[in-house]
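Colleague: I would like to learn how to read salt bridges in a model. Please start with the general idea.

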Amino acid sequence: MPQTDLKMTDALFYQVAVQSPLRRLFDYLPPANARSTLAPGVRVTVPFGKREVTGIIVSNTLSSGYPLDKLKPITTVLDDAPLIPPILFDVLLWAARYYQHPIGDVLASALPTVLRKGGDLPQQSFWRLSTHGKGLPNDALSRAPKQQALLQLLQQHDSLSRESLAAADISTPTLRSLLKKELIESFTTTASHPAFNINGELALLAEPPLSLSNDQQAALQQVEFHAYNSYLMDGETGSGKTEVYLQAITTVLRHYRQALVLIPEINLSPQTLARFQARFNCPIVLIHSGLSERQRLDAWWAAASGSAGIIIGTRSAAFVPMKSPGIIIVDEEHDSSFKQQEGFRYSARDVAVMRASRENIPLLLGSATPSLESLYNCEQGRYRHLIIKGRHGGAVQPEWQLVDIRHSQLNTGFSQIVIEAISTQLAQGNQILVFLNRRGFAPTLMCHDCGWVANCKHCDAHLTVHTQRPGLHCHHCESRQALPPTCPDCSSMQLNYLGQGTERSEATLQALFPTATVHRVDRDSTGSKHAMEELMQEVSKNEPCILVGTQMLAKGHHFPGVALVVVLDADTSLFSTDFRALEKMGQLITQVAGRAGRGAKPGKVMIQSHHCEHPVFELLSQHSYAKFAQHILRERQFSAMPPFANAALIRAEFHQGGEALGLLQKARIYLESQMPSSPTMRYLGPFPAALEKRGGRYRYQLTLIGTERRTLHTLLERLCRWLEQEKSARKVRWSIDVDPQDTI
Ligand code: ADP
Ligand code: ZN
Ligand code: ZN
């Protein structure tokens, strides 16, 4: 945006972003008595309809499409300087265009709630001498030594913060006495902590770095610190990727630059932070959804003002301003939690790529099971592929066993072979991990006499039986009801639980092994804040036990004592309508398997399936996620699906299905009129969503798949404009999802 410093501000209009569902900016006149031009990124308050709202200056122009008498002036200017630095601001504008999302909402994602609502940056209070105080000689107050000390201190410094005075042993009563004598006064101003300080090597590092293996060394040496490049660091869990991050960050900090580390929500364990704190003396801040508004503001400001050297955060931290960014690291880059699934549907990983490139700094993506997108980017030469082989310390690969459960008698989901294996491991004093990606007791409640099934009133889904908080729960709309004592249709007492969830597996294991300790790990059992921490402490004692749980077990946590991993049901993903289901299954199984035998003990992985001959199991069991990934990458190429093409989903939902479907049918006609369907631009649907009815709304989707990114985006932009003026789109809730994670 050209910034002309106009003297005649009355010829200037500001384009302001406010939080509204409209994909446009709003024109305002300069505020009364404006002296200089307001820069993009400055917050203002403006009249908006009947309200007064906080907005952000995006640009200024010399002409407005609106008549002058319709325009109102900006009410107040909230900031002297933009809160969002120019490069990040550009990235946000790019993201709004790329994800077709209203700009006000996108810009808001770079600010903590307090600032979004027009609040102040963190304030700090200071003390200084009053005019009267300044007139005193430095030997005044000699009869009160403490007061004299304070006087002398403030004579030496213009002002001192509360903290520095406390550090100099000045007590509150002393401050009060001088205040009463009107010798000193206090004032508040924006907190400004000094940029993090590294006094030479010793002061920066709190512990010596490990000496790197050849692969780690080679990976680190490839990283160029003064230019943009994306690197995919591909190494199994335990291969030492984190150590490479730590050493790359060391280099960055030595150049007085900051490091941003993005991690999946689930990995945000105290251990992660502890590992960074053990290595570095510089301030580290955490940014995640569990912070209070106040904590979030402080962490944000530490990053933005440059006082924090390392910022560790989940998805939303991709937009946190930094004073002097030096590197961005995305750990577990394949993790689907980096994609926001509602509202502003961005991918934090992809935003990080764009941000690093605009900042001209390196981006390090790490994973034991890289996404097909990133592997494809390596094939295309866009990313550099850094491979770290083997586990650190040479722990041996787990042995794989595919357990064919066709025709076999299962004991509530467990085959005899698996039960025996668990028994053997327990006898040897080992830990066992049982993985089942379904929480609750049983996914279906059915009447044996009439076939009645407990369904959710609001969704096309069965209700899940839960025993922990007893009742029937819907996993899609969160509605709950009591367990019926008898069948509501025929009053039979014969209500059967079909299938199994983690609660039932826990009960089964406890019944099979009455003396063993069984821990369940899922969203229900780890609800309280410290539950997971306590469990991890318990498990780290290395006593024999069985852990049974959902994908929470597969991510983030280290279980060095686990000698056997059991995957109870590997089949569900083989027949899913989600085109990424196989990729996700392979990642999950590889990650779960990666938990086995991490300590000194060799591990074993047992996978129960009705389809053991499926090629993906064969490839995975050869310890080759890479070969597995190649296999499905070629399948995607064959069917011209992402990453070989670019996809976008248009979703529509309404409590009457006809309206939502009708809108998408019209949208398709519009799209075809703009660009007839062809092999380079395909339209699929509209079709019902995988769960057609959810939370009382009927849901449909229309998919666009284009080989040319630019063409797809031009089309999406036009479609957005069309949807915004289309009458039938007003009551239907619609959204656009670029690079969708789930079903196409
Ligand atoms: P990843 O991030 O790939 O899972 P980590 O960096 O956490 O791997 O390393 C796994 C374990 O190996 C950690 O306990 C770590 O301290 C150790 N480790 C990693 N690199 C080295 C090294 N070069 N020398 C000694 N130990 C190492
Ligand atoms: Zn019945
Ligand atoms: Zn429901």
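Modeller: A salt bridge is a side-chain nitrogen of Lys or Arg within 4 Å of a carboxyl oxygen of Asp or Glu. The model here is predicted, so local features need pLDDT of at least 70 and side-chain atom pairs count only at pLDDT 80 or more, while totals for chains, interfaces and linings use all residues. Side-chain values use heavy atoms, without hydrogens and water, and residues are numbered from 1 along each chain as its sequence is written.

Colleague: How many salt bridges does this rule give?

Modeller: The count is 29. One of them joins the side chains of Arg-128 and Glu-185, at 3.0 Å from N to O. Arg-128 is in strand S6 (residues 123–129) and Glu-185 in strand S8 (residues 184–190), 57 residues apart. Strands (E, at least two residues) and helices (H or I, at least four) are DSSP runs, numbered from the N terminus.

Colleague: Are Arg-520 and Asp-522 buried or exposed?

Modeller: Buried means under 20% relative accessible area, exposed over 50%, and partly exposed in between (1.4 Å probe, protein chains only). Arg-520 has 12% and therefore counts as buried; Asp-522 is buried at 0%. Their side chains meet in a salt bridge of 3.0 Å, N to O.

Colleague: Which residue forms a salt bridge with Glu-726?

Modeller: Lys-666 does, with the closest N and O atoms 3.0 Å apart. Glu-726 lies in the loop between helix H22 (709–725) and strand S30 (733–738), and Lys-666 in helix H21 (residues 657–674), so the pair ties together parts 60 residues apart in sequence. Glu-726 is buried at 12%, whereas Lys-666, at 39%, is partly exposed.

Technical notes. Chains lettered and ligands numbered in written order.
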